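Take your time and turn the view as you go.

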There are 2 protein chains.
Amino acid sequence: MTNAIFYHAGCPVCVSAESQILDIVDRNKVELEVVHFGEGQANRIAEAEACGVKSVPALVIDGQVLHINFGASMEDVKNA
Amino acid sequence: MTNAIFYHAGCPVCVSAESQILDIVDRNKVELEVVHFGEGQANRIAEAEACGVKSVPALVIDGQVLHINFGASMEDVKNA
């Protein structure tokens, strides 16, 4: 099994990114955990930083970080 | 079926991101196309921009853009 952790902090723009990632991931191959720093999981921040997470949302796949979205455009913010 | 297009330009750092995305996507649910601008597919750039792609690599899922990685660290470049 591939191990994947999706870290985020609950912003509305990125919750939609999250749901898309979760939808397309093959759960037969990937054991996926979602960590929301804003909901009692702030104690996972150090762990995320140790993996190389520089921004959220981020998906860590077998220890390799994929940063998703580098920022939200004003249009995204307006439509969020 | 969900429609997804992965756009990239072939940099070595991001090819590894690509392979990870491709590995975890559920092909039973997602029809996935990979577009490499550097390999004769530069004619797809306008289409990507029209979808809102601002940087590569990017994954467009049913018309919604997820930008992946906002830049490569010098460490990534050294290890690429």
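How many salt bridges does the rule find across the interface of chain A and chain B? Please keep in mind that this is a predicted model. The answer is 0 salt bridges between chain A and chain B. Polar contacts are another matter: 6 residue pairs are in polar contact between the two chains, both residues at pLDDT 80 or more. As for who supplies the chain A side, α1 (12-24), β3 (58-61) and β4 each bring at least two residues to the side that touches chain B. The largest share comes from α1(A), with 5 residues.

Now look at the extent of this interface. Chain A and chain B bury about 1900 Å² between them, and 63% of that area lies on carbon and sulfur atoms. In terms of residues, 21 of chain A are in contact with 21 of chain B.

How are the two copies related? Two copies of a chain are related by a rotation about an axis and a shift along it. Here, a rotation of 180 degrees with 0.0 Å of shift along its axis superposes chain A on chain B, with an RMSD of 0.0 Å. That is why the relation is that of a two-fold axis. The same surface serves both copies, as 100% of the contact residues of chain A recur in chain B.

Finally, turn to the sheet within chain A. Its 4 strands form an open sheet in the order β2-β1-β3-β4, with mixed pairing. At the edges are β2 (30-36) and β4 (64-67), each pairing on one side only. Neighbouring strands of this sheet are turned by 20 degrees against each other on average, direction ignored. Strand β1 (residues 2-8) runs parallel to β2(A), joined to that strand by 7 bridges. For a place to begin tracing, A:Thr2 has A:Val30 in β2(A) as its bridge partner.

Methods
Residues numbered from 1 in each chain as written. Chains lettered and ligands numbered in written order. Predicted model: local features only at pLDDT ≥ 70, side-chain atom pairs only at ≥ 80, totals over all residues. Heavy atoms only, no water. Pairing = 2+ DSSP bridges. Axes fitted to C-alpha atoms, helices over the stretch in contact; angles between N-to-C directions. Least-squares fit on C-alpha atoms with pLDDT ≥ 70 in both. Contact = heavy atoms within 4.5 Å. Buried area = accessible area lost by both parts, 1.4 Å probe. Salt bridge = Lys/Arg side-chain N within 4 Å of Asp/Glu carboxyl O. Polar contact = N/O pair within 3.5 Å; in protein donor to acceptor, adjacent residues only side chain to side chain.
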